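This report describes one protein model for a reader who has not seen it before. Please look at the sequence and the structure below, then read on.

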Amino acid sequence: MSLGGCIILIAVGAILTFATDWEMEGVNLDLVGVILMIVGVIGALAFRSVARRRRVLIPPSTTVIDDDRYQG
């Protein structure tokens with residue numbers, strides 16, 4: 001899951017929990033919203049740890065100038 005997907009889960013969960021007053025028989029939308037927010041946060045933390053491991057640091061290289069080419 002990408003970071004964008006995690007943010008969407010958090011946003012949809014927050015909307016279901018805090019911004020709606022829908023009533024469905026047999027479904028607690030507040031609980032569904034909280035679950036979506038928790039899954040989004042866990043996914044974002046997992047994405048962060050995976051992205052940190054993928055980061056490759058390339059040491060700075062020195063430019064080598066071939067002096068033989070410039071001699072006449």
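## Thr-17 and its surroundings

Leaving out residues up to four places away in sequence, Thr-17 touches Asp-30, Gly-33, Val-34 and Met-37; contact means heavy atoms within 4.5 Å. This is a predicted model, in which local features need pLDDT of at least 70 and side-chain atom pairs count only at pLDDT 80 or more, while totals for chains, interfaces and linings use all residues. Residues are numbered from 1 along each chain as its sequence is written, and side-chain values use heavy atoms, with hydrogens and water left out.

Thr-17 lies in helix α1, residues 3-19. Helices (H or I, at least four residues) and strands (E, at least two) are DSSP runs, numbered from the N terminus. Thr-17 counts as buried because its relative accessibility is 16%; buried means under 20% relative accessible area, exposed over 50%, and partly exposed in between, with a 1.4 Å probe and protein chains only. A polar atom of the Thr-17 side chain lies 2.9 Å from the backbone oxygen of Gly-13. The backbone nitrogen of Val-34 lies 3.3 Å from a polar atom of the Thr-17 side chain.

## Gly-40

Gly-40 is found in helix α2. Its relative accessible area is 0%, so Gly-40 is buried. Apart from neighbours within four places in sequence, Gly-40 is in contact with Cys-6, Leu-9 and Ile-10. Gly-40 and Ile-8 are 32 residues apart in sequence, and their C-alpha atoms are 7.7 Å apart in space.

## Helix α2 and the UniProt span

Helix α2 covers residues 29-54 and includes Leu-31. Leu-31 counts as partly exposed because its relative accessibility is 48%.

An unreviewed UniProt entry lists residues 29-47 as "transmembrane region". UniProt positions are given in the numbering used here, feature names are shortened, and annotations may be inferred rather than shown by experiment. In the model, residues 29-47 are 100% helix and 0% strand, and the end C-alpha atoms of this span lie 26 Å apart.

## The chain as a whole

The protein chain has two helices and zero strands. Of its 72 residues, 12% count as buried. Among contacts in the protein chain with a separation of 6 or more, 52% come from residues 24 or more positions apart. The accessible surface of the protein chain comes to about 6400 Å², and 64% of that belongs to carbon and sulfur atoms. Accessible areas come from the Shrake-Rupley method with a 1.4 Å probe; for residues, only the protein chains shown count as cover.

Definitions and conventions:
Polar contact = N/O pair within 3.5 Å; in protein donor to acceptor, adjacent residues only side chain to side chain.
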